[in-house]
Amino acid sequence: MELLSGADMVVRSLADEGVEYIYGYPGGALLHVYDAIFRQKAVTHILVRHEQAATHMADGYARATGKPGVALVTSGPGATNTITGIATAYMDSIPMVVISGQVPSGFIGTDMFQEVDMVGISRPIVKHSFLVKKAEDIPEVIRKAFHLAQTGRPGPVVVDIPKDITDLTKKYEYKYPEKVKIRSYNPPAKGHNGQIRKAVELLMKARRPVIYAGGGVVLGQASKLLTELARKLDVPVTNTLNGLGSFPGSDRQFVGMLGMHGSYCANKTMHQSDLILAVGARFDDRVTNNTEKFCPDAKIIHIDIDPASISKNVVADIPIVGPVDAVLENMLSQLDEYQGSQDNAARAEWWASVDSWREKGLFTYEKADDILKPQQVIESLYQVTKGDAFVTTDVGQHQMFAAQHYRFNKPNRWISSGGLGTMGYGLPAAMGIKLSFPEEQVACVTGEGSIQMNIQELSTCLQYDLHLKVININNQALGMVRQWQDMQYDSRYSHSYMESLPDFVKLAESYGHIGIRVTRPEELLPAMEKAFSLEDRLVFMDIQVDPNEHVYPMQIKDGGMCDLWLSKTERT
Amino acid sequence: MRRIISVLVENEPGALSRIVGLFSQRNYNIETLTVAPTEDETLSRLTVTTSGNPQVIEQITKQLNKLIDVVKLVDLTEGHHVERELMLIKVRASGPLRAEVKRTADIFRGQIVDVTSSVYTIQLAGTQDKLDGFIAAIGQTQVLEVVRSGTTGIARGEKVLCL
């Protein structure tokens with residue numbers, strides 16, 4: 001059997017796990033491990049400029065590929081800098097393994113230089129965590145970490161490794177376990193047959209059904225099955241923010257995103273429905289608005305792999321715990337065998353209502369001659385990339401405009417921090433994707449507020465030739481904050497205006513990239529085309545837009561799903 | 001509604017902090033908590049009493065079950081069960097009250113486990129109610145110190161919580 005040091009076992013275990021990239025930043029507690037990285041070729045290490053970016057890169061990679069992303073950071077500040085990224089992954093159930101260095105075992109608890117209780121600090125935002133006690137345990141712990149991160153409801157797992165355990169001079173027998181068993185962890189492999197039968201019966205009898213599909217469909221790789229089911233049942237489909245792309249966005253049955261900034265049609269369809277089939281969605285407050293007024297006539301079928309997600313916010317009539325793909329497959333085969341048929345007249349009437357709500361357009365805005373509207377930027381991006389780009393975003397108005405106006409026909413293309421709402425997510429996430437999909441178009445839609453939270457990563461982009469496009473929708477304000485201040489605080493713009501913005505074009509150039517400034521509506525399309533034609537360069541587009549634009553529709557606080565502001569003056 | 005949840009957890013460092021952390025993180029109540037290793041040294045058994053409406057209790061058990069270190073759990077209050085709490089109470093016992101304290105302890109089937117000329121230390125086991133009752137019953141006596149273990153419990157009959 002092969003003899004390896006602890007440090008070499010860490011890196012070999014990652015290689016044997018099939019890891020292609022690790023995103024990280026070295027430091028004292030990790031020096032042995034970085035030496036082991038230097039002496040091998042199987043795993044490629046990407047040096048970020050801030051550890052938060054390492055976790056977001058891992059996250060972007062995971063969302064685009066479906067495989068767990070890996071970040072490697074040193075103890076103390078290296079570890080604490082990953083917290084936002086871990087929380088981001090936790091809230092959106094993204095598979096991720098974060099390996100952190102730790103001070104030597106004998107010094108834990110002595111407030112040693114760069115010591116922090118990483119397992120303690122990360123505890124509420126991880127699926128699980130490990131503090132490695134012995135070098136011999138490294139392969140098994142790493143195998144367990146990957147197993148936990150990517151099975152069941154996925155999530156981030158932290159592995160904290162004290163420095164003495166990675167000592168290069170001590171060698172141990174190395175064998176990477178193929179399988180690990182964790183006696184208390186048995187995620188469901190299929191849904192309950194009887195529950196699915198009941199669900200099928202309800203679906204066939206419903207007069208006004210709707211499918212509400214979330215990020216779980218993307219994570220569970222069940223988009224095809226969902227689409228097949230929706231077609232078979234001929235029902236309207238809406239997506240949550242994280243579910244975008246799980247059902248084709250340009251399909252006739254698609255009624256747009258739902259929720260706080262969802263379409264009137266999607267929210268109205270939900271509100272008027274008599275049956276909601278919720279698939280891999282969690283009835284988040286940004287969807288339901290006031291749960292007491294939530295969809296009064298609807299029975300609810302809820303499919304989720306996490307039993308704790310079911311009946312947490314809204315009580316389900318038919319809970320189905322299981323992996324989305326297995327449940328949908330079972331549902332499809334039970335539908336085929338079902339004796340009886342749907343009420344076609346009722347369905348035609350339902351579609352007539354849905355189509356009438358759609359008539360106004362799912363997402364509308366008014367253009368102006370002399371100033372660009374942020375929505376135009378997304379439309380132009382959609383046009384130039386033919387709807388086929390990976391789109392990452394930061395958080396705020398630009399994120400909602402992107403979700404509303406870019407129509408995703410494939411899963412894993414919409415990459416956005418939905419649950420935690422992390423500004424600074426977009427650029428590193430786009431980097432993680434571009435690295436793995438160098439031939440694909442990757443756009444980071446951002447704002448001048450968000451981009452400055454991780455702008456140092458432009459340097460990483462230069463080092464690794466990450467030729468993504470940054471679409472900076474610059475309204476010189478923290479737009480979403482400003483919107484709320486307009487709507488609820490009589491336009492008292494408390495700290496939502498950004499003075500002293502950098503010259504983003506020069507900034508991009510100083511990082512070795514190309515900057516393009518767009519100020520007028522007629523310049524937009526040619527500039528966008530130019531940016532995407534420069535395939536071997538990172539292009540930073542600084543696009544000046546109307547600072548007074550709001551995101552609509554917007555749910556009215558404490559109302560039902562379809563109580564909406566449709567514009568500054570018009571409400572339902 | 002008061003609930004007694006009994007949990008088998010991996011006897012690993014950090015397991016307890018994950019459970020306690022879950023309660024504070026999700027704004028659940030912990031009224032009492034007891035924990036000790038079991039006859040299987042890889043497992044600890046933890047008993048927590050909590051309160052909440054049925055929806056909250058359902059979330060508590062589901063969220064606990066999600067913790068990787070939690071092997072199995074049962075809500076004892078869902079069925080017939082025996083529950084006990086241990087109390088050690090130190091009271092002033094001098095003058096005419098000395099005999100009175102002894103009598104009350106006997107009525108409650110308490111044992112005097114330590115004695116000085118002016119102080120009794122009494123050991124008492126029972127339900128929370130009984131222990132509360134004892135404290136109320138010796139109301140005139142000066143209570144110097146009370147230590148309670150928190151509730152622990154076990155299901156009646158054939159039902160067992162094990163692997």
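## Helix α15 and its surroundings in chain A

The axes of helix α15(A) and helix α21 (residues 521–533) of chain A come within 10 Å and cross at roughly 40 degrees. Axes here are lines fitted to C-alpha atoms, for helices over the stretch in contact, and angles run from 0 to 180 degrees between N-to-C directions. Helices (H or I, at least four residues) and strands (E, at least two) are DSSP runs, numbered from the N terminus.

A word on the model before going on. It is a predicted model, in which local features need pLDDT of at least 70 and side-chain atom pairs count only at pLDDT 80 or more, while totals for chains, interfaces and linings use all residues. Residues are numbered from 1 along each chain as its sequence is written, and chains are lettered from A and ligands numbered from 1 in the order in which they are written.

### Two helix partners for α15

Back to the helix pair: α15(A) and α21(A) are oblique to each other, given that angles under 35 degrees count as roughly parallel, over 145 as roughly antiparallel, 65 to 115 as roughly perpendicular and the rest as oblique. The crossing of α15(A) with α21(A) is right-handed; a crossing is left-handed if the near helix is turned anticlockwise from the far one by less than a right angle, and right-handed if clockwise. On the α15(A) side, A:Q376, A:V377, A:S380, A:L381 and A:V384 meet A:P521, A:L524, A:L525, A:M528, A:E529 and A:F532 of α21(A). Two residues are in contact if their C-beta atoms, placed from the backbone, lie within 7 Å. The residues of this contact divide into 8 nonpolar, 2 polar and 1 charged. In this classification Ala, Val, Leu, Ile, Met, Phe, Trp, Tyr, Cys and Pro count as nonpolar, Asp, Glu, Lys and Arg as charged, and the others, Gly among them, as polar.

Helix α15 (residues 374–384) also meets helix α16 (residues 397–405) of chain A, where the axes come within 9 Å and cross at roughly 45 degrees. This pair, too, is oblique, and its crossing is right-handed. Here A:P374, A:Q375, A:I378, A:E379 and A:Y382 of α15(A) touch A:Q397, A:H398, A:F401, A:A402 and A:H405 of α16(A). By class, that contact has 5 nonpolar, 4 polar and 1 charged residues.

### The sheet under α15

Which strands does α15(A) lie across? They are β17, β18 and β20 (539–544) of chain A, and the helix runs at about 160 degrees to β18(A). These strands belong to an open sheet of 6 strands with parallel pairing, in the order β16-β15-β17-β18-β20-β19. At its edges are β16 (414–415) and β19 (514–518), each pairing on one side only. Two strands pair if DSSP finds at least two bridges between them.

| Parallel pair (chain A) | Bridges | One bridge partner pair |
|---|---|---|
| β17 (residues 442–447) and β18 (residues 469–474) | 5 bridges | A:A443 and A:K469 |
| β19 and β20 | 5 bridges | A:I516 and A:M541 |

Strand β20(A) is mostly covered, with 5 of its 6 residues buried. A residue is buried if 20 or more other C-beta atoms lie within 10 Å of its own, exposed if 12 or fewer, and partly exposed in between, with C-beta atoms placed from the backbone. In the loop between β20 and β21 (554–555) of chain A sits A:P553, which a cis peptide bond with omega of about -5 degrees joins to A:Y552.

### A second sheet and a buried helix

Chain A has another open sheet of 6 strands with parallel pairing, ordered β3-β2-β4-β5-β7-β6. Its edge strands are β3 (44–47) and β6 (128–131). Between β6(A) and β7 (residues 156–162), which run parallel, there are 4 bridges, and A:F130 stands opposite A:V159.

Is helix α5 (residues 83–91) of chain A largely enclosed or open? With 7 of its 9 residues buried, α5(A) is largely enclosed by the rest of the structure. The buried residues of α5(A) pack against α3 (51–65), β5 (96–102), α6 (118–122) and β7 of chain A. Just after α5(A), A:S93 takes a positive phi of about 55 degrees.

In the loop between β5 and α6 of chain A, A:D111 has a positive phi of about 55 degrees although it is not a glycine. A:D111 counts as exposed, with 8 C-beta neighbours inside 10 Å.
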